[in-house]
Amino acid sequence: MPPRSTSVLRLLRPGPRPAAALVAAIAAATALPLAAPQITRRFVDDAVAGASTRHLTLIALAYLALAVAGQAARMVTAWLASRLAWDGTNRLRERLARHALGLDLAFHGRHTPGEMIERVDGDVVAVADFVVAFLMDVVASVLLLAGVLVIVFGVDWRIGAALLAYCLLIGFGMARAQRLAVPSAARSRAASARLFGLLEERLAGAEDLRANGAGEHTVRRFHQVNARLYRAEVNDARVGTTLLAGTSVAFAAGTAIMLALAAWTLTSGTLTIGTAVLIFQYTLMVRTPFERLIDQIRQYQAALAGLARIGGLLAERRTLTDGTRPLPGTGPLGLSLDGVGFAYPDDDEQVLSGITLTLAPGETLGLVGRTGSGKTTLARLVLRLYDPTEGVVRAGGLDLRQADPASLRRRIGVVTQDVQLFGASLRDNLTLFRPPPDNEVLEEVLRDVGLGDWLAGLPDGLDTRLAGVSAGEAQLIAFARAFLADPGLVVLDEASSRLDPATERRIEHSIDRLLRNRTGVIIAHRLSSLSRVDKIAVLDQGKIIEYGRRADLAADPGSRFGRLLDLAGVSR
Ligand SMILES: Nc1ncnc2c1ncn2[C@@H]1O[C@H](COP(=O)(O)OP(=O)(O)OP(=O)(O)O)[C@@H](O)[C@H]1O
């Protein structure tokens with residue numbers, strides 16, 4: 001096993017007491033069924049010898065008690081094994097989620113959310129299932145098989161040797177058969193993954209598909225993929241049934257041989273009838289452990305692959321190193337970019353180059369440029385979601401690479417146009433699950449951003465679970481979040497979607513308030529926003545092609561910014 005997988009397994013290791021309880025439960029679950037045939041033997045031999053009904057009834061009752069105790073031990077084992085596995089895997093899941101959240105955007109850019117969910121949940125569940133099954137089936141089955149063989153060897157070594165040979169043959173045959181079944185099972189899983197992939201993608205785009213009349217094509221495609229899954233499943237079932245029938249025949253033949261052996265020893269006078277019945281029962285007992293063991297081979301492979309992937313994820317390291325120096329704790333933060341260049345990791349294209357600009361504390365910058373010119377990328381550098389590949393970004397005079405990440409998140413805020421609202425209360429959506437300030441503070445902030453009437457109309461006020469929030473309201477909630485966080489530098493990616501004039505006015509009012517006494521970088525999509533900024537930078541293909549004070553650029557007849565205003569019919 002690779003070393004990473006062993007370190008993952010270490011996370012799953014239980015404490016000594018639960019482990020001891022599990023070992024005891026497994027031992028009981030194995031020993032009790034092993035004792036049952038001994039009681040049957042006693043019953044048969046005593047019955048043949050003419051024992052009283054009372055005596056035989058007592059033996060039968062003992063058998064019953066043993067059977068009940070055996071089942072109870074198995075239930076306790078199952079419960080303990082699942083608890084241990086889930087405790088361990090929950091620790092692993094938590095560790096993975098924390099680790100993944102701590103990795104930087106370069107990592108998350110390479111891995112889709114679906115992939116991360118599969119890693120943090122799917123792989124962990126595969127491992128948990130395997131750990132439970134390993135304890136329940138593999139350990140218990142091996143112990144049971146070993147117990148049966150030892151007992152039968154003790155009764156008659158020749159029959160023991162025959163049973164051992166039979167077990168080896170069956171084991172070999174079942175492992176081969178399992179390998180035959182793997183390709184058809186893999187085909188069926190692949191077809192199922194394709195169907196779910198298609199469903200997920202098409203359901204996510206249901207609105208666009210319907211609006212563009214692509215429904216019929218989607219349904220046809222769904223039928224095709226579904227038909228492929230059907231064929232793969234039928235084929236898999238056929239292979240499975242054939243193998244099952246073959247295994248049953250092999251077990252029946254083995255049982256018949258063991259019975260014949262028992263009958264032979266019986267007639268040769270070495271064994272009693274009770275012992276013959278005992279051997280017969282033990283022979284029947286080997287079937288279930290074998291079936292369980294073989295079944296585990298598949299799960300073992302899935303778990304091993306899962307462990308390797310989990311280990312790989314835990315081995316991922318942040319590429320951004322954390323600094324230790326705090327940003328100035330209060331007041332607006334100045335911002336300067338000095339010869340900044342940037343290319344996304346694993347991408348040769350230079351997205352930004354030679355960016356130099358300065359904002360004094362409290363000043364605002366409007367970033368303008370065609371789509372793809374690098375505005376969002378520049379904002380990401382200011383938020384230190386990435387480090388520049390050339391040059392320096394400074395806030396409050398401090399190179400962001402040296403800044404303590406907690407103070408950076410507290411002092412530099414962002415309002416994006418894709419506002420993420422969570423299926424939680426309005427309060428939690430405002431505070432992002434941090435300990436909330438008093439209700440009055442939250443209500444005042446909501447009133448300030450123009451959501452006072454909206455709040456008054458909510459059935460449970462701040463405790464209302466958010467659903468069906470409009471784009472404009474979502475934007476205003478995002479402003480409220482930013483007010484609560486009270487940063488000294490705000491990056492604002494303006495909503496480019498059309499909002500009704502009343503909402504637009506409310507949003508502009510909020511922007512004005514948010515920028516008061518704060519430094520701001522606005523990715524401006526509306527010309528009206530440009531009227532409030534102190535400076536303008538026009539980006540084109542990652543370079544600043546125009547930069548200066550807004551008033552100067554507006555007054556310059558040849559400036560691009562001036563032409564932009566003229567084109568839109570806005571007075572300079
Ligand atoms: N995560 C990423 N990985 C690789 N390349 C990226 C990534 N994000 C953006 N780019 C590329 O960087 C360039 C600049 O993109 P960016 O999103 O910064 O532009 P923008 O001016 O904000 O565009 P828009 O106005 O459409 O939001 C584009 O060529 C884009 O394809």
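**A tour from sheet to ligand to helices**

Select the open sheet of six strands, which has mixed pairing and the order β6-β7-β8-β3-β9-β10; strands are DSSP runs of E with at least two residues, numbered from the N terminus, and two strands pair if DSSP finds at least two bridges between them. β6 (412-415) and β10 (543-549) stand at the edges with a single partner strand each, so one side of each has no neighbour in the sheet. From one strand to the next the twist averages 15°.

The model is predicted, and local features need pLDDT of at least 70, side-chain atom pairs count only at pLDDT 80 or more, and totals for chains, interfaces and linings use all residues. Residues are numbered from 1 along each chain as its sequence is written.

Stay in the sheet and pick β3 (residues 364-369) and β8 (residues 519-523), which pair in the parallel sense over four bridges. G366 stands opposite I522 in β8.

Next, select the residues around the ligand: G109, Y344, D347, V351, G369, T371, G372, S373, G374, K375, T376 and T377. A residue counts as near if its C-beta atom, placed from the backbone, lies within 6 Å of the molecule. Helix α11 (residues 375-382) gives the largest share of this shell, three residues; helices are DSSP runs of H or I with at least four residues.

Last, select helix α3 (residues 53-102) and helix α5 (residues 113-155), which pack at about 155° with axes 9 Å apart. Axes are lines fitted to C-alpha atoms, for helices over the stretch in contact, and angles run from 0 to 180 degrees between N-to-C directions. α3 and α5 are therefore roughly antiparallel (angles over 145 degrees).

How values were computed. Angles under 35 degrees count as roughly parallel, over 145 as roughly antiparallel, 65 to 115 as roughly perpendicular and the rest as oblique.
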